[in-house]
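Please open the model in your viewer and keep the selection panel at hand.

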Amino acid sequence: MTQFLGTHFGKLDRKGRISVPAPFRSALQRFGSDILILRPSHRLPCIEVHPESEFQRLTSGLQQLDAFSDQQDDLATALFTEAHALQPDGEGRLVLPEPLVAHAGLTDAVACLGLGSLFQIWEPEAAKRRIAEARMRVRERGMTLPAPPPSAPLAPATPAANSPLTPTPRDVP
C-alpha cells in the first residue's frame, strides 16, 4: 500500500534532524522518489511532508487558474515560497529548516502523523490534541466516506489439493 499510516514519535536532535519513521520510508519508496517537499501548513501549526510526485499532483491545479490572477498568485505564494525539497540521508534522517521548526513549535521531540498521501510533523502534545479534535468533529458531524464503487465479484476460492475441503475419490459417492 502506498500510504503514510499511523502516528510515530521521535526526537529532534541538536542539529535539527529527525528520523523519518521506517514505515514512512517504505511508503516513500513506493511513491517512486525519495525527494520530500516540506512546507508549513497554512491551516495548522505543523510541517506538511509530501512525496515530490504528490506535491506536483497537488499543485498541478494552479495551471487551471489565470496566471495573473490574485487567486493564482496567492496560492502559488502560499504553496511554494516556504517549501523545501529535501532528501533523507543514508540513515533516513532529514534536517528540518529552522523556519519550519519554529512554525511547528518543535523542541526536542516530534510526532509524525500519517495522512495517506502525505504526513505531518507536529510537536507531540499538539499532535495528540489535533487527533482528539479531529475524532470529535468527525463524530459530531457524522462524517463518513462515500461508498467505493463496486468491484468485480471475487472468484470462488479453489481448495488446495489434500485440504480437508477437497473431496477425494473415496469421499465422492
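Begin with helix H2 and select Gln56 and Arg57, which are exposed (over 50% relative accessible area, 1.4 Å probe, protein chains only; buried means under 20%, partly exposed in between). Helices (H or I, at least four residues) and strands (E, at least two) are DSSP runs, numbered from the N terminus. This is a predicted model, in which local features need pLDDT of at least 70 and side-chain atom pairs count only at pLDDT 80 or more, while totals for chains, interfaces and linings use all residues. Residues are numbered from 1 along each chain as its sequence is written, and side-chain values use heavy atoms, without hydrogens and water.

Next, select Glu54, Phe55 and Thr59, the buried residues of H2 (residues 52-59). Seen down the helix axis, they fall within an arc of 125° (taken from the directions from the axis to the C-beta atoms), so they line one face of H2. Their cover includes strand S3 (36-40), strand S4 (47-51) and helix H3 (70-80).

Now display S8. Phe119 and Ile121 point one way from this strand, Gln120 and Trp122 the other way, and all are buried. S8 runs antiparallel to S4, joined by three bridges (two strands pair if DSSP finds at least two). Within this pairing, Gln120 is the bridge partner of Glu48. S7 and S8 pair in the antiparallel sense over four bridges, and Cys112 stands opposite Ile121. The hairpin of S7 and S8 has four residues between the strands, and Gly116 in the turn has a positive phi of about 85°.

Finally, which residues do ring pairs link into a cluster? Select Phe4, Phe24, Phe31 and Phe119. Rings of Phe, Tyr and Trp (its six-membered ring) pair if their centres lie within 6.5 Å; planes under 30 degrees apart count as stacked, over 60 as edge-to-face and the rest as tilted. Phe4 and Phe119 are edge-to-face, 5.1 Å centre to centre with 65° between the planes.

Key
Contact means heavy atoms within 4.5 Å.
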